[in-house]
Amino acid sequence: MSLEKIYGVHAVEALLRHHPKRVKQVWLAEGRSEPRVQALVELANQNKVAIGQAERREMDVWVEGVHQGVVADVSPSQVWGEAMLDELLDRTEGAPLLLVLDGVTDPHNLGACLRSADAAGALAVIVPKDKSATLTPVVRKVACGAAEVIPLVAVTNLARTLEKLQQRGLWVVGTAGEAEVSIYDQDLTGPTILIMGAEGKGMRRLTREHCDYLVHLPMAGSVSSLNVSVATGVCLFEAQRQRGAKKAVASRKS
(Lines give C-alpha, C1' and ligand atoms only; values in the text may rest on other atoms or scores of the structure.)
Protein backbone atom coordinates (compact mmCIF):
# COMPACT_ATOMS: atom_id res chain seq x y z
CA MET A 1 0.00 0.00 0.00
CA SER A 2 1.48 3.35 -1.03
CA LEU A 3 1.54 6.11 1.56
CA GLU A 4 0.68 9.79 1.23
CA LYS A 5 2.63 12.61 2.81
CA ILE A 6 0.46 15.02 4.79
CA TYR A 7 2.11 18.20 6.03
CA GLY A 8 1.52 21.12 8.37
CA VAL A 9 1.00 21.16 12.14
CA HIS A 10 -2.81 21.40 12.05
CA ALA A 11 -3.33 18.73 9.38
CA VAL A 12 -1.03 16.21 11.08
CA GLU A 13 -2.47 16.94 14.52
CA ALA A 14 -6.03 16.41 13.21
CA LEU A 15 -5.07 13.05 11.74
CA LEU A 16 -3.48 11.95 15.01
CA ARG A 17 -6.61 12.97 16.92
CA HIS A 18 -9.27 11.60 14.61
CA HIS A 19 -7.59 8.86 12.54
CA PRO A 20 -4.41 7.83 14.38
CA LYS A 21 -4.32 4.37 12.77
CA ARG A 22 -3.76 6.00 9.39
CA VAL A 23 -0.55 7.71 10.58
CA LYS A 24 2.49 5.48 10.07
CA GLN A 25 5.27 7.96 10.92
CA VAL A 26 5.66 11.61 11.85
CA TRP A 27 8.72 13.52 10.66
CA LEU A 28 9.91 16.70 12.37
CA ALA A 29 12.48 19.16 11.08
CA GLU A 30 15.65 19.23 13.13
CA GLY A 31 15.52 21.87 15.82
CA ARG A 32 11.70 22.12 16.15
CA SER A 33 10.83 22.00 19.85
CA GLU A 34 8.25 24.73 20.51
CA PRO A 35 5.14 23.94 22.63
CA ARG A 36 2.75 23.08 19.79
CA VAL A 37 5.29 20.67 18.30
CA GLN A 38 5.82 19.09 21.72
CA ALA A 39 2.05 18.66 22.01
CA LEU A 40 2.07 16.91 18.65
CA VAL A 41 4.91 14.64 19.81
CA GLU A 42 2.92 13.71 22.92
CA LEU A 43 -0.10 12.91 20.77
CA ALA A 44 2.02 10.72 18.49
CA ASN A 45 3.50 8.91 21.50
CA GLN A 46 0.03 8.29 22.95
CA ASN A 47 -0.97 6.61 19.71
CA LYS A 48 2.35 4.74 19.42
CA VAL A 49 3.25 6.47 16.16
CA ALA A 50 6.95 6.52 15.28
CA ILE A 51 8.68 9.91 15.21
CA GLY A 52 11.72 10.73 13.11
CA GLN A 53 13.83 13.76 12.30
CA ALA A 54 14.82 15.09 8.89
CA GLU A 55 16.57 18.11 7.44
CA ARG A 56 14.32 20.90 6.19
CA ARG A 57 15.92 20.70 2.74
CA GLU A 58 14.92 17.05 2.54
CA MET A 59 11.36 17.83 3.61
CA ASP A 60 11.17 20.59 1.00
CA VAL A 61 11.69 17.88 -1.63
CA TRP A 62 9.00 15.63 -0.14
CA VAL A 63 6.10 18.10 -0.41
CA GLU A 64 5.04 21.14 -2.39
CA GLY A 65 3.99 23.82 0.05
CA VAL A 66 4.80 25.23 3.47
CA HIS A 67 5.23 22.14 5.63
CA GLN A 68 6.11 24.04 8.86
CA GLY A 69 8.70 21.38 9.63
CA VAL A 70 6.04 18.70 10.16
CA VAL A 71 5.31 15.87 7.70
CA ALA A 72 3.52 12.55 8.24
CA ASP A 73 3.43 9.33 6.23
CA VAL A 74 -0.22 8.23 6.19
CA SER A 75 -2.44 5.66 4.50
CA PRO A 76 -4.35 6.99 1.46
CA SER A 77 -7.13 9.57 1.83
CA GLN A 78 -10.72 8.42 2.14
CA VAL A 79 -13.48 9.98 0.07
CA TRP A 80 -16.96 8.77 0.98
CA GLY A 81 -19.46 7.27 -1.46
CA GLU A 82 -23.08 8.28 -1.97
CA ALA A 83 -24.40 5.65 0.45
CA MET A 84 -22.72 7.61 3.24
CA LEU A 85 -25.27 10.40 2.82
CA ASP A 86 -28.20 8.22 3.84
CA GLU A 87 -26.27 7.00 6.87
CA LEU A 88 -25.40 10.56 7.90
CA LEU A 89 -28.94 11.83 7.48
CA ASP A 90 -30.45 8.85 9.31
CA ARG A 91 -28.47 9.63 12.45
CA THR A 92 -28.75 13.42 12.29
CA GLU A 93 -31.15 15.30 14.56
CA GLY A 94 -32.52 18.68 13.56
CA ALA A 95 -32.33 20.35 10.15
CA PRO A 96 -29.24 19.18 8.23
CA LEU A 97 -27.09 21.57 6.20
CA LEU A 98 -25.20 20.12 3.24
CA LEU A 99 -22.73 21.91 0.98
CA VAL A 100 -22.44 21.01 -2.72
CA LEU A 101 -19.47 22.21 -4.78
CA ASP A 102 -20.45 21.86 -8.42
CA GLY A 103 -17.11 21.41 -10.17
CA VAL A 104 -14.67 23.30 -7.93
CA THR A 105 -11.27 22.21 -9.24
CA ASP A 106 -8.76 24.30 -7.27
CA PRO A 107 -7.47 22.30 -4.25
CA HIS A 108 -6.92 25.51 -2.28
CA ASN A 109 -10.58 26.43 -2.75
CA LEU A 110 -11.73 22.94 -1.77
CA GLY A 111 -9.59 23.04 1.37
CA ALA A 112 -10.95 26.45 2.35
CA CYS A 113 -14.54 25.30 1.70
CA LEU A 114 -14.04 22.22 3.89
CA ARG A 115 -12.73 24.44 6.67
CA SER A 116 -15.72 26.80 6.42
CA ALA A 117 -18.19 23.92 6.17
CA ASP A 118 -16.87 22.35 9.36
CA ALA A 119 -16.85 25.68 11.20
CA ALA A 120 -20.44 26.44 10.13
CA GLY A 121 -21.77 23.04 11.22
CA ALA A 122 -22.41 21.51 7.79
CA LEU A 123 -23.08 17.77 7.80
CA ALA A 124 -20.98 16.96 4.71
CA VAL A 125 -19.53 18.39 1.51
CA ILE A 126 -20.66 16.81 -1.76
CA VAL A 127 -18.70 16.96 -5.03
CA PRO A 128 -19.06 15.22 -8.40
CA LYS A 129 -16.53 12.43 -8.99
CA ASP A 130 -15.43 13.88 -12.33
CA LYS A 131 -13.89 17.30 -12.98
CA SER A 132 -13.65 18.22 -9.31
CA ALA A 133 -10.86 18.59 -6.78
CA THR A 134 -10.52 15.77 -4.27
CA LEU A 135 -8.57 15.13 -1.07
CA THR A 136 -4.85 15.81 -1.52
CA PRO A 137 -2.08 16.93 0.83
CA VAL A 138 -2.64 20.51 -0.36
CA VAL A 139 -6.36 20.29 0.43
CA ARG A 140 -5.64 18.90 3.89
CA LYS A 141 -3.08 21.61 4.62
CA VAL A 142 -5.45 24.43 3.60
CA ALA A 143 -8.35 22.83 5.50
CA CYS A 144 -6.32 23.02 8.76
CA GLY A 145 -7.71 19.74 10.09
CA ALA A 146 -11.28 20.05 8.80
CA ALA A 147 -10.62 17.46 6.08
CA GLU A 148 -10.23 14.85 8.82
CA VAL A 149 -13.56 15.73 10.44
CA ILE A 150 -16.18 16.65 7.84
CA PRO A 151 -17.02 13.95 5.26
CA LEU A 152 -16.23 14.67 1.60
CA VAL A 153 -18.72 12.71 -0.49
CA ALA A 154 -18.04 12.12 -4.20
CA VAL A 155 -21.08 11.18 -6.30
CA THR A 156 -21.29 9.84 -9.84
CA ASN A 157 -24.43 11.74 -10.84
CA LEU A 158 -24.97 15.00 -8.94
CA ALA A 159 -28.43 15.66 -10.41
CA ARG A 160 -29.66 12.23 -9.34
CA THR A 161 -28.20 12.73 -5.86
CA LEU A 162 -30.03 16.04 -5.52
CA GLU A 163 -33.30 14.37 -6.52
CA LYS A 164 -32.86 11.71 -3.85
CA LEU A 165 -32.08 14.30 -1.21
CA GLN A 166 -35.13 16.34 -2.22
CA GLN A 167 -37.24 13.23 -1.77
CA ARG A 168 -35.93 13.07 1.78
CA GLY A 169 -37.28 16.58 2.40
CA LEU A 170 -34.20 18.73 1.80
CA TRP A 171 -34.51 22.03 -0.07
CA VAL A 172 -31.91 22.90 -2.71
CA VAL A 173 -30.61 26.49 -2.70
CA GLY A 174 -28.29 27.41 -5.55
CA THR A 175 -26.16 30.54 -5.85
CA ALA A 176 -26.31 32.56 -9.08
CA GLY A 177 -25.31 36.15 -9.76
CA GLU A 178 -28.49 36.91 -11.71
CA ALA A 179 -30.86 35.58 -9.02
CA GLU A 180 -33.37 38.13 -7.73
CA VAL A 181 -33.43 36.97 -4.10
CA SER A 182 -30.57 37.83 -1.74
CA ILE A 183 -29.02 35.10 0.39
CA TYR A 184 -30.01 37.25 3.38
CA ASP A 185 -33.70 37.08 2.41
CA GLN A 186 -33.75 33.32 1.87
CA ASP A 187 -34.89 31.04 4.69
CA LEU A 188 -32.00 28.68 5.40
CA THR A 189 -33.24 27.29 8.71
CA GLY A 190 -34.84 24.13 7.31
CA PRO A 191 -33.16 21.02 5.85
CA THR A 192 -30.95 22.75 3.27
CA ILE A 193 -28.53 21.90 0.48
CA LEU A 194 -26.41 24.92 -0.46
CA ILE A 195 -24.87 24.73 -3.94
CA MET A 196 -21.84 26.75 -4.98
CA GLY A 197 -20.79 26.75 -8.62
CA ALA A 198 -17.36 26.25 -10.13
CA GLU A 199 -14.70 28.95 -10.31
CA GLY A 200 -15.77 31.40 -13.01
CA LYS A 201 -18.42 29.14 -14.56
CA GLY A 202 -20.95 28.88 -11.78
CA MET A 203 -23.43 26.01 -11.59
CA ARG A 204 -23.95 23.68 -14.52
CA ARG A 205 -27.30 23.87 -16.31
CA LEU A 206 -28.58 20.51 -15.03
CA THR A 207 -27.62 21.38 -11.47
CA ARG A 208 -29.42 24.71 -11.73
CA GLU A 209 -32.57 22.96 -12.96
CA HIS A 210 -32.68 20.94 -9.75
CA CYS A 211 -32.62 24.00 -7.47
CA ASP A 212 -35.73 24.89 -5.52
CA TYR A 213 -34.43 28.43 -4.99
CA LEU A 214 -31.75 30.65 -6.51
CA VAL A 215 -30.03 33.35 -4.46
CA HIS A 216 -27.28 35.90 -4.95
CA LEU A 217 -24.74 37.62 -2.73
CA PRO A 218 -25.27 41.42 -2.78
CA MET A 219 -22.11 43.19 -3.96
CA ALA A 220 -21.64 46.77 -2.75
CA GLY A 221 -18.24 47.50 -4.30
CA SER A 222 -16.81 47.53 -7.80
CA VAL A 223 -16.06 43.79 -8.06
CA SER A 224 -18.79 41.63 -9.54
CA SER A 225 -18.11 38.40 -7.67
CA LEU A 226 -16.16 36.74 -4.86
CA ASN A 227 -13.75 33.83 -4.88
CA VAL A 228 -15.82 30.65 -4.48
CA SER A 229 -14.28 29.77 -1.12
CA VAL A 230 -14.99 33.25 0.25
CA ALA A 231 -18.56 33.20 -1.07
CA THR A 232 -19.05 29.74 0.42
CA GLY A 233 -18.00 30.98 3.84
CA VAL A 234 -20.39 33.94 3.65
CA CYS A 235 -23.34 31.76 2.66
CA LEU A 236 -22.64 29.02 5.21
CA PHE A 237 -22.35 31.46 8.07
CA GLU A 238 -25.55 33.21 7.02
CA ALA A 239 -27.25 29.82 7.38
CA GLN A 240 -25.61 29.38 10.77
CA ARG A 241 -26.70 32.90 11.83
CA GLN A 242 -30.32 32.24 10.84
CA ARG A 243 -30.38 28.90 12.65
CA GLY A 244 -28.88 30.41 15.77
CA ALA A 245 -31.46 33.20 15.76
CA LYS A 246 -34.29 30.70 15.34
CA LYS A 247 -33.05 28.64 18.29
CA ALA A 248 -32.77 31.76 20.42
CA VAL A 249 -36.38 32.73 19.65
CA ALA A 250 -37.61 29.21 20.39
CA SER A 251 -35.68 29.19 23.66
CA ARG A 252 -37.22 32.48 24.80
CA LYS A 253 -40.72 31.25 23.97
CA SER A 254 -40.22 28.07 25.97
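**Exercise 1.** Determine which helix supplies the largest share of the lining of the largest pocket.

*Solution.* Helix 9 supplies that share, with three residues. The model is predicted, with local features needing pLDDT of at least 70 and side-chain atom pairs pLDDT 80 or more, while totals for chains, interfaces and linings use all residues. Residues are numbered from 1 along each chain as its sequence is written, and side-chain values use heavy atoms, without hydrogens and water.

Helices (H or I, at least four residues) and strands (E, at least two) are DSSP runs numbered from the N terminus. A pocket is an open set of points on a 1 Å grid over the protein atoms alone where a 1.4 Å probe fits, with protein on both sides within 12 Å along at least five of seven lines; lining residues have an atom within 4 Å of a point.

**Exercise 2.** Describe the lining of the largest pocket.

*Solution.* Step 1: the lining has 24 residues, and Thr-175, Ala-176, Gly-177, Ser-225 and Leu-226 lie nearest the centre. Step 2: strand 10 (192–197), strand 11 (213–216) and helix 9 (228–253) are the elements that give two or more residues.

**Exercise 3.** State which residues lie nearest the centre of the second largest pocket.

*Solution.* Step 1: 18 residues line this pocket. Step 2: nearest its centre lie Asp-102, Pro-128, Asp-130, Lys-131 and Arg-204. Step 3: helix 7 (158–167) and helix 8 (205–209) each supply at least two lining residues.
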